[in-house]
Amino acid sequence: MRYFLFLSYDGSAYHGWQTQPNALSVQQVVEESLSLILRFPVSITGAGRTDAGVHAVSMPAHFDTETPIGGYGVFLNRLNSLLPRDIAVQRIVPVSPDAHARFDALYRTYHYYLSGCKDPFRARYSYRYSGSLDFDAMNAAAEYLKTVSDFTSFSKLHTDTRTNICKVTEARWEACDGQMRFVITADRFLRNMVRAVVGTLLEVGRGKMTMQQFVRVIESKNRCSAGTSMPANALFLTEVGYPDEIFEYN
């Protein structure tokens, strides 16, 4: 049997999602807890690889068992009781045997938060900016991202990614509970892509980069020409979408 877990986590204490030597990851902690409950080694596969310090409102991950899990509510309570306070499992859903949390994803959505004032209750989860920002200019530049296919200029250097082609379907700045939030949706994301995009859009918002220069940054396919990579603490993976048929398994 294959199942999807839908997890939420505060990434502050973790070196990203993916298990790695000599560093604590979200994947490692969840696998250890699942293995204790199911009494055999469990390996899980997430929808992506959030970087160190990045959070998730909803991270889907799949795992396999030899026998069906009965009583989802009881199972979730047991799992959540073992997991630390900064990781929670919201749902468990049976899926088709070949469903894949990463490869079957149709889209992913990230949010990045900015705060224009000092707020001790938001400092951990937003980036505080000073001065004024031209959000109209930033939104015009963000809209242009929907016409782009090659995002090499916003990719971390020297990765093992085979292609830097992505399809962005949503990119905008919006007001959210006294903050500004950048919303971006794409079929896939490159390492550090969202944080590099936000850093470059801030250059536009501060008047240090024109729209024409923003376009040239993208056309250059050169990471060094784009803006700085923003801090991870303000970035959240919020949604991953899948075709309905993978959840129709009985």
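In this predicted model, the side chains of D150 and K221 form a salt bridge, with an N to O distance of 3.7 Å. D150 has a relative accessible area of 18%. This value is under 20%, so D150 counts as buried. K221 reaches 48% relative accessibility and is partly exposed. The value for K221 is not over 50%, so K221 does not count as exposed.

The structure holds 10 salt bridges. Another of them pairs D64 with R2, at 2.6 Å from N to O. D64 shows a relative accessible area of 37% and is partly exposed. R2 is buried, at 15% relative accessibility. The reason is the 20% limit: R2 falls under it, so R2 is classed as buried.

A further salt bridge joins R172 and E170, whose side chains meet at 2.2 Å, N to O. This pair does not stand alone. Salt bridges with shared partners connect E170, R172, E174 and R181 in one network. Relative accessible area is 31% for R172, which is partly exposed. For E170 the value is 25%, and E170 is likewise partly exposed.

Y72 was examined for its surroundings. Y72 lies in helix α2, which spans residues 72–82. Its relative accessibility is 31%, and Y72 is therefore partly exposed. Beyond its neighbours within four places in sequence, Y72 is in contact with Y3, I92 and P94. A C-alpha distance was also computed for Y72 and R91. These residues are 19 positions apart along the chain, and their C-alpha atoms are separated by 8.3 Å.

Note on methods
Residues numbered from 1 in each chain as written. Predicted model: local features only at pLDDT ≥ 70, side-chain atom pairs only at ≥ 80, totals over all residues. Heavy atoms only, no water. Helix = DSSP H or I, 4+ residues; strand = E, 2+ residues; numbered from the N terminus. Buried < 20%, exposed > 50% of the residue type's maximum accessible area, 1.4 Å probe, protein only. Contact = heavy atoms within 4.5 Å. Salt bridge = Lys/Arg side-chain N within 4 Å of Asp/Glu carboxyl O.
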